[in-house]
Amino acid sequence: MNEEGKIALTNFLNLAADCLRDGHLGFREDNELIASSPVSESPAPGPAAQEPKIPLAYLVEEEAGDELEEGFPDNPADSLEAVASDVAACNACGLATTRTHTVPGEGCNHPLVMVIGEGPGADEDAQGRPFVGRAGQLLDRMLASIGLFRNQNCYIANMVKCRPPGNRDPAPDEMRACFHFLERQILLLKPKVILCAGRVAAQNLLKTDEKLNSLRGDFTEIPIGETSVPALVTYHPSFLLRNESYKRPAWEDLKLLSSRLNSLDGG
Ligand code: SF4
């Protein structure tokens, strides 16, 4: 069994233990269980508490094929490397003056899921990689709980490719200036589903001012070029680190995502 298989098996066993005890998943930090929501919030045992199966297909990178490319225009002249190179040379907004490194994104070339957050933080700015701090580690564990891995079947990016100083939200003009990079990435990656991590990404990708809570719970088609990609909204892992009681609804989001991927798999 390879390393990712072992991680998936461990997560599945952890998940089963959590659900037997609490009725829902407790995301783990450094292999220790983070305090779960109060037992009184646990759902009653029954069909609603059943967990989605983890499709083994998610443990291997999906090959590019006709099905993946359906609806997406091909642009052989573009590439993820070209996007990263253009990002590195970009001075289109004020964030260029304060960044240490640009953070274009990372993951596999034809992901099942593209995770989109708001912008790089201090750790990401220092390393030039997305979601590498504590929030990134939590995101990896969340994804792994449903058989998703950033280098096998996911791609992780942000609305802006340079760090907003002081970890503030990216400004609307900064996101507008940067959006064409994200759009190119989506067209190249052809993800099955986009997972909007947090309010900023959700509101800007779905073009709405509605609160995050009201945007969760269903898929919304995001127009990209001449096609569209189904998007699901969930909490940003940084928020979940500060508000552990929201890990339970975040797990509901992950189950919904897993069910959607299962249905695609079955199709
Ligand atoms: Fe360019 Fe985007 Fe960085 Fe602004 S955030 S400088 S638009 S790459």
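This is a short exchange about how terms apply to one predicted model.

Reader: What should I know about the model and its numbering?

Author: The model is predicted: local features need pLDDT of at least 70, side-chain atom pairs count only at pLDDT 80 or more, and totals for chains, interfaces and linings use all residues. Residues are numbered from 1 along each chain as its sequence is written, and side-chain values use heavy atoms, without hydrogens and water.

Reader: What makes helix 7 "mostly covered"?

Author: Buried means under 20% relative accessible area, exposed over 50%, and partly exposed in between (1.4 Å probe, protein chains only). Six of the eight residues of helix 7 (residues 199-206) are buried. They are Val200, Ala201, Ala202, Gln203, Leu205 and Leu206. Across the protein chain, buried residues make up 52% of the 267 residues.

Reader: What covers the buried residues of helix 7?

Author: Contact means heavy atoms within 4.5 Å. The cover includes helix 6 (172-189), helix 8 (212-215), strand 4 (113-117) and strand 8 (227-234).

Reader: How do you know that strand 7 and strand 8 pair?

Author: Two strands pair if DSSP finds at least two bridges between them. Strand 7 and strand 8 have five bridges, in the antiparallel sense, so they meet that rule. Pro223 stands opposite Ser228, and Thr220 stands opposite Ala231.

Reader: What makes strand 7 an edge strand?

Author: The open sheet has six strands in the order 3-5-4-6-8-7, with mixed pairing. Strand 3 (106-107) and strand 7 each have a single partner strand, so one side of each is left without a neighbour in the sheet.

Reader: Which residues surround the ligand, and how do they divide?

Author: Near means that a heavy atom of the residue lies within 4 Å. Those around the ligand include Cys90, Leu95, Arg99, Lys161 and Phe181. Ala, Val, Leu, Ile, Met, Phe, Trp, Tyr, Cys and Pro count as nonpolar, Asp, Glu, Lys and Arg as charged, and the others, Gly among them, as polar. The shell around the ligand has nine nonpolar, no polar and two charged residues.

Key: Helices (H or I, at least four residues) and strands (E, at least two) are DSSP runs, numbered from the N terminus.
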